[in-house]
Every structure is written in structure tokens, then in C-alpha cells.
Amino acid sequence: MIERLVHWSRVKSPWVLHLNAGGGCNGCDIEILAALMPRFDLERFGVQLKGTPRHADVMICTGAITLQNRDRVLRVYEQVPEPKFGVAAGACARAGCVYRGSYHTLVGIDQLLPVNAYVPGCPFRPAALIDAVVKLLNSVK
Amino acid sequence: MEYKVSLGPQHPALHEAISLRMTLDGEVIRDADLKLGYSHRGIEKLAEERSYIQNIYLTERICGICSHSHTTCFTQGVEQLMELVPARRGLYIRTLIAELERVHSHLLWLGVAGQESGFESFFMYTWRDREVVLDILEWISGNRVHYAMNTFGGVRRDVDELQKKKILDSLGLLKKRTDYYLNLAASEPTFVGRLAGVGKLSRQQAIDLCAVGPTLRASGVPMDVRKDDPYAVYDEIPFEVSTADSCDVLGRAVVRVKELIQSYHIIEYILNNLPAGPFKVKAPRKVKPNEVYSRYEAPRGENVHYIRSNGSEKPERLKVRAPTLANYPATIAMLKNGFIADIPLIFAAIDPCICCAERLVQLDDVRGGGRVLRFSELRAMANERAKKIDYTKKDIAWPF
Ligand code: SF4
């Protein structure tokens, strides 16, 4: 019973943590915020942006991971309680975008963390992020 | 008793990775230091491996908010190197996009200031209005964030009559909203009470610490590259440099709102006086050996690109000095003797774009002529540094 309640609330109201992995321009971060604003209003799906990883179910990662930030990203990911979902948002997080081949970035988030959903685009449109979140929730159901 | 506190690199008050180290005495910050490098991407080295035209694509991705300012700065520098006179209509459209970008950036900042001061609905309002500007940019360029408008010799897309009319219509709405914000910033007691007197930076300090942009202008120094060293078509456009004398965060908010109004006038002027003719001219592929220093007034302040060419189709060196970097020393001065609760507000007041400002500097003996760092050396240095990072906490079992 409790388990079903927890599962239901998880699907109905996923809390997200937005993590900037370092090596991106902040175009994608701005579009994530724009998705939460009145025009696109991601909150109508129950999605809430949280400041701390310990409250979050979904971690949305933007930007390529820089070497200096690598261990911090891992530590933040470890603090997200199970079950957790990773979303790689933007071309940087997927495959490095223009910074591919740089001496200080990793090619894509999935080299470091498990990723459940990818959002393409440099930057993606807020609508694409909403699509990703809805698909992720459907797969969890 | 004094104790040390560090903030970041992952912290909800900072939207990007940066670390603040502070020495506190009770609630009061006695000393502050910034630790950078979390967002270093090696843009300058990457630029040396790409041709000029590919570099427009790269410089656009230095920053996601003022993307047009970096490409314009780079493009006008390279145009000087090529001794190319860009098409006049192209320059007008370039300036149009630049001002639209300023509008969206300042609206974004106002929202962030509202949020940091606990005024959530203001945050929502400004971001809703910001969508109007993004729509305009999308009509013109097809993109919301990276417009990809610049090219050597002009711009890549034209503005037609229908778009002109639509933009002028939307501008009316924005003007009305901005008047409301100006009213709010001047008279809403909670907002004024939260911002006034926070993050003081005197006129002399601002000049000594080389602050730029609205941070400098809010300390009463009327400095603006658009007026002092006009580029593109700013010498033909009438506008005023906005300043404030209160030297605090409220002043910075007022400067930005005033700049919004100036930007609307500039946009109107441009649309009504758009010259006829081609919007771009053909550019050569190769660039003669030379060097150039290009300045641009980005929404956050003066942006500088230094480009050196060596006769091939790739630049030999690109140096980027983003406005946020110039504002860091002033931020430290503003934080000193402030309160902990004001950190996000003071920090947000310079409108930091952290990833813009992450450059690598090697301190060498300058008299020895300096040294060229190879890619492999840089990679070795980066790996070496990453190894030194403290792993001690990595295997801690979290209580969950
Ligand atoms: S994918 Fe593009 S917009 Fe997003 S962080 Fe990377 S460079 Fe910026």
C-alpha cells in the first residue's frame, strides 16, 4: 500500500535537480528555467525544481563535464536517493557539442553517469524538455 | 570569532559552478575569495584549430545569454583584419539583434534580482515578458538562444516588412511593461528596502577595480563602449548612456531598466531607418598576418576579443576577455563587510556569466618572450590537476 502510494507520488510529482556540469555555455540552463516559467509551465506536470540533490528524483544535467568538476558531479549524483533518473539535456551533455576534443571536457555525461533520457538540441527548445520528462514518466509508470 | 565558510561549486544560489571562500565574523563577511576553473572549456585553444568561419560557431557558444555579443566582437575584429567593409544593411540588422539581446538579457537579470530578493511574482512577470523578445528573435533568426546571425561581411538573414511590423507591435507591449517595472523599482517599498544600500561600490572603487557595464554605470561613471568608441552603426543612432548614483544593487537595477527603455528607442530607430541594399558582401577566406583588438558593449559590460592572424585560414591566437571577469575584483570589494544573506543578491548584481569568464592564464617570465602551450601539454596539465582533487570523501556511504 505504502509502496504504491510512493510510486504514485513519484510519477505524479517528480522533483528535479538541475545540475550544471561545468563545460557548457549556459544556454541550456536558461532554457530549463524558461520551461518552468509561465509560458511553458512544466510545473503543471507536478515537476518542481529543487536546490538540493537529497530532495530530487530526477537529475537534469546540462553541459559537458569538465575535469575539475568531475568528482563533484559524481558526489552530487550519489546524494540523490534511489530510485534516481538522469537526463542529459542539450548537445553538450549528449556528446560534447563544439567542445568535443577539448583538453578539459569529457565527451558526454554518459561516460560518467547512467542516463535515462537524452534531449537533443543546442540548446533544446523548452517543449523538447517537456517531451522528455513526459516520456520518462511514462516509462516509469 | 572568525571562521571560514565555502559556498559552491554546486549551490542553489549560484546557477553555475563557481566556488566562494569567505571568512566570516558572525554574520559579517570579512574577507572573500573566488575559486574558478570549474567551467573551463579551453575555447581559446579550440579556436586555433578551426577556420575563421567555424570560429563564429564556436564563439557563439562562449555564452548562452550574450551569444550575439561574442560573435559580433569576433566578426568585427576579423573584418578589420580582412580589411572588409561590411554591408550597411547588415550592420543595421546586427545592431538590431544586439539590442534585442540586451533587452532579453536585462529582463532575465531583473527576474533573477526579483527572485534573489524574495519577489517571486516579479520573477515570473519578467520571464513571461522575456518570451516576447525571444519570439521576435525567433521570427528573425529561427532560434531562441544561439541566433547564428553573424557572418563576415554582414548577416545571414534579412528582415522583411512583415517582420518589421510584428516587431514594432510587440515593442509596444514591452514598453508598457517596462514602465511598470521602472515604477516598481522606484516605489515598491519591499523591493527597494531589500536592494537599497546592499553591495556598496563607491565611484572611486569602481574605477580603481576596473568594473565594467551596469556595475560601473550604477556607480555614476558614464562609460559605454557604444558611446566612447562606437562600433557598427552606433555613431548614427541617438541614445543616452544610463547611469545611477546610488552605488548599490538598487542602482544597478535602475540602470538596467533605463537601458531597456533606451534599447527600445534604438530598435525603433533601426527599424524605421533600415537602409536598402544587400545585407552581406562576399568575404575572402584567407586573412593577412596582423592583429586586432575588438571592443563591444555586451549587456554585462565591455567585451574584448584579441585576434592574431598568420596568413592562413585559421587564427593564430584568440583571446577573450568577458565582462564578468572584469567585474570579479569589484564583487569581492562589494562582498566585504556585507552580510551572508546578501551574497546571492550581490553576486547576482554583476549578472555573472561564469562560463564566459573561464580562461587559462599561465604566469611566465614575460621578458623571456612567453611560451606557446601545445595541446598535449594542456591536456597533461588538465589531467594532472584533476588527479590532485581531493578524493577523500568519495567513498563515504550516504545514510540512505
Ligand atoms: S548544448 Fe549548446 S546551448 Fe546547451 S550548453 Fe552546450 S553549447 Fe550551450
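## Ground rules

Residues are counted from 1 along each chain as its sequence is written, and chains are lettered from A and ligands numbered from 1 in the order in which they are written. The model is predicted, so local features need pLDDT of at least 70 and side-chain atom pairs count only at pLDDT 80 or more, while totals for chains, interfaces and linings use all residues; side-chain values use heavy atoms, with hydrogens and water left out.

## Cavities

How many cavities of 30 Å³ or more are there? The count comes to 7. A cavity here is a set of points, on a 1 Å grid over the protein atoms alone, where a 1.4 Å probe fits but cannot get out; lining residues have an atom within 4 Å of a point. Points are joined across faces, edges and corners, and a volume is the space filled by probe spheres set on them.

The largest cavity comes in at about 300 Å³. Its lining has 22 residues, and B:His15, B:Glu16, B:Val112, B:Asp351 and B:Pro352 sit nearest the centre. (Helices are DSSP runs of H or I with at least four residues, strands are runs of E with at least two, and both are numbered from the N terminus.) H4(B) supplies the largest share, 4 residues. By class, the lining of the largest cavity splits into 14 nonpolar, 3 polar and 5 charged residues. For that tally, Ala, Val, Leu, Ile, Met, Phe, Trp, Tyr, Cys and Pro are nonpolar, Asp, Glu, Lys and Arg are charged, and the others, Gly among them, are polar.

The second largest cavity has a volume of about 80 Å³. It is lined by 14 residues, with A:Cys25, A:Cys28, A:Cys92, A:Cys122 and B:His146 nearest its centre. H2 and helix H4 (91–95) of chain A each supply at least two of the lining residues. This lining has 8 nonpolar, 5 polar and 1 charged residue.

## Surface patch

B:Met1, B:Tyr3 and B:Val5 make a nonpolar surface patch of about 320 Å². Patch members have over 30% relative accessible area and no salt bridge, and nonpolar side chains (Val, Leu, Ile, Met, Phe, Trp, Tyr) are joined within 5 Å, like charges within 9 Å. Areas come from the Shrake-Rupley method with a 1.4 Å probe, and for residues only the protein chains shown count as cover. B:Met1 is in the segment before strand S1 (2–7) of chain B, and counts as exposed at 79% relative accessibility (exposed is over 50%, buried under 20%, partly exposed in between, with a 1.4 Å probe and protein chains only).

Most residues other than glycine have a negative phi, and most peptide bonds are trans. Two cis bonds are worth a look. One joins A:Glu82 and A:Pro83, with omega about -10°; A:Pro83 is in the loop between helix H3 (70–79) and strand S6 (85–89) of chain A. Another joins A:Cys122 and A:Pro123, with omega about -15°, and A:Cys122 also turns up near the centre of the second largest cavity.

On the phi side, A:Cys97 is not a glycine but has a positive value of about 50°. B:Asp351 has a positive phi too, near 55°. B:Asp351 is placed in the loop between H13 and helix H14 (375–388) of chain B and is buried, at 5% relative accessible area.

## Salt bridges

Over all chains, the structure holds 33 salt bridges, each a side-chain nitrogen of Lys or Arg within 4 Å of a carboxyl oxygen of Asp or Glu. A:Asp131 and A:Lys135 pair up at 3.2 Å, N to O. Both are in helix H5 of chain A, 4 residues apart, about one turn of the helix.

Which side chain does B:Arg226 meet in a salt bridge? Its partner is B:Glu99, at 3.2 Å, N to O. B:Arg226 is in helix H10 of chain B and B:Glu99 in helix H4 of chain B, so the pair ties together parts 127 residues apart in sequence. B:Arg226 is buried at 4% relative accessibility, and B:Glu99 is buried at 0%. Both belong to a salt-bridge network that also links B:Arg102, B:Arg217, B:Asp224, B:Glu259 and B:Glu297.

Conventions
On a 1 Å grid over the protein atoms alone, a cavity is a set of points where a 1.4 Å probe fits but cannot get out, and a pocket is an open set with protein on both sides within 12 Å along at least five of seven lines; lining residues have an atom within 4 Å of a point.
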